[in-house]
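Could you look this one over with me? My notes are below, point by point.

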Amino acid sequence: MSESNYTKEKKVGEGTYAVVYLGKQLSSGNNIAVKEIKTSEFKDGLDMSAIREVKYLQELNHPNVINLIDIFMAYDNLNLVLEFLPTDLEVVIKDKNILFTPADIKSWLLMTLRGVYHVHRNFILHRDLKPNNLLISPDGLIKVADFGLARAVPGPREMLTSNVVTRWYRAPELLFGAKHYTYAVDVWSIGVIFAELMLRIPYLPGQDDMNQMEVTFRALGTPTDKQWPEVSSFPGYNKLQIYPPPSRDELRKRFIAATESALTLMENMLMMNPHTRWDTTQCLESEYFKELPTPSDPAQINILSQKA
Amino acid sequence: MSREISQTPNIDNSNSPSTVTENEDPKKPPNYKRISDDDLYRHSSQYRIWSFTKDNLRERRQQTNQRAIALINEKLGKFIEEKKSTLTEDELQTLRAKASPLSMEEEFQLINFYSKKVQVIAQHLNLPTEVIATSITFFRRFFLDNSVMEFDPKNLVHTTIFLACKSENYFISVDSFAKKAKSNREAILKYEFKLVESLKFSLLNHHPYKPLHGFFLDIQTILYGKVDLKYMGQIYDRCKKKITDALLTDIVYLFTPPQITLAIILMEDEQLISRYLEMKFGKDITNNTEDEKKEENKDVNETKPGKTEDKTKTPNDIELDKLLVVIGQCVDVLEKSESVTTEDAKRVAAKNYYCQNPSILLQKLKRKLEASGDDNGSESPSKKPKVEQ
């Protein structure tokens, strides 16, 4: 653990609590990213997001979760040395010069689910899954990243904040302000990402928190007590417009290229009731991953822009 | 670094889904094996970095102690060397007698004393159980690699509690924390970096409270209808308290959380735990008397028809004999740990203070001499190192 083993060559990003540099690990010559946590700016000492990130990445070691290579202190700053991941799924989705196939989508979804399955079986909730946090390695592997909002699975009586997850990927229980929720919030996010991969535009782009409910329920139906007992007891429920859930035909029309099992998987990830929503195991064992086409070999997916 | 915990048996948290998975599904490949919770635990930083054998642990403390002793002796040597010409024989003697570094055992006493202090203060601040547990754990881990002669433990009490709050998602701003703890911002944050670094950036703790919850649910399932729920509630609370006490000992470095939990339930009610373990992992219930055996079978059959087989079968080859041996060892360690008296702690703290501040020892000697010279024996009340109350 020493700073002298790493170089910071190029600043590639700056967030609220960190600056990211590209550099090299001198001992191996490998490319790395250094996330420098701006500790000195926080009056409460080490920032919570930094603590969460360090805490959870230390425990997770999986091909589809970003690898924390090292941590070191330098000039009163905390530096996380992470594996170098040149791009992310958001960039790929947005770049209209990149063409990808249903087999590519299946491969990405499979890798995402595997990573999140590993996070969940370590009793950790990610709470901020979105295309931008699914990074892609030089050999095409999806890596779940950014654990700044993660937390341990709550005990039965623990109260949580529902103000988590980037709006478009926020599960209905969070939109309702639930004080208790669990793994299902992450599965919902993956469901929305799945839809976005097929549509190549954001599936549920709410403009604000109120509008997010409107957009979500218009697309997927307003939950009722029948599918989700006591959902109507959430504050704010009675102000909602009641939309019927989409028929299979409507879904087919919206997701033209999707197979029946793809739709089934998506529907079950986007189940309103978090108790009946599929968990990552059920998703991974779904028919979608067994039927043709087989998922693309990650290394063979071409995500370089075809512009030139 | 050795990662060996002696004879770790496969204890899974019984309410986890992965234990149910067997090789029965014909669609699975032949060597299909789902990773067990035990495998996951072996990947945790608590196991990788913070689990030791007794000898490892002792060695590590010895190293820390030796390093600090060398440093202190060097400083003392320099101090004496510099003042040699002016020191009286009396003063030299006092220095030799009283300004000597702490032994490993003395350090350990002081750490134990202050760990308790961490618990008391954290409880006083009304923090949740897990936060208190993490505070204690952080504090004790810090002093595995840092000597009390390098860092005064009382300077880390608030720092560890504050970091534990953040790490356990129980955020309090440093200002309101300082106000509640009657400390100040600078003092709390001064060693935060050093602390995180000494913790090897490993912040996730598996405390035994979750296994306790799991075992209690499972005991009530396995011994359904045979345990009084109110009684179970009472011993649950007592066990929870005992777990926090156990965190003040070395037990957490030597055994896994479920092992500690079983040992603690055993200390609370030996009969309950042996009945449970027999039912769950025993090959047959030979230890029970004929009557009990009959009754048990009858009860189980009545309440859970058809399920008896599944529930009593061992899901992953846990050998009961081995398990009992480990739990026995764990009980042994728990029973042997004793608390440190305030007198002992004060004595060690004073010694710690003088070995780092020999000049103060000399001043004290001077005052004493002056006082006895004046012959009215009034000792000056100032400058005595205090163990914080």
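1. A word on annotations: UniProt positions are in the numbering used here, with feature names shortened, and they may be inferred rather than shown by experiment. The unreviewed entry lists residues 116-197 of chain B as "domain: Cyclin-like". That span is 70% helix and 0% strand, and its end C-alpha atoms lie 23 Å apart. Helices (H or I, at least four residues) and strands (E, at least two) are DSSP runs, numbered from the N terminus.

2. Ground rules: this is a predicted model, where local features need pLDDT of at least 70, side-chain atom pairs count only at pLDDT 80 or more, and totals for chains, interfaces and linings use all residues. Residues are numbered from 1 along each chain as its sequence is written, while chains are lettered from A and ligands numbered from 1 in the order in which they are written.

3. Chain A has an open, antiparallel sheet of five strands in the order 1-2-3-5-4 (strands pair if DSSP finds at least two bridges between them). Strand 1 (10-14) and strand 4 (68-74) of chain A each have a single partner strand, so one side of each lacks a neighbour in the sheet. Four bridges join strand 1 of chain A to strand 2 (residues 18-25), with Gly13(A) opposite Val20(A).

4. Now helix 12 (residues 229-246) of chain B: Cys239(B), Lys242(B), Ile243(B) and Ala246(B) are buried (20 or more other C-beta atoms within 10 Å of the residue's own; exposed means 12 or fewer, partly exposed in between; C-beta atoms are placed from the backbone). The opposite face carries exposed residues, among them Lys230(B) and Asp237(B).
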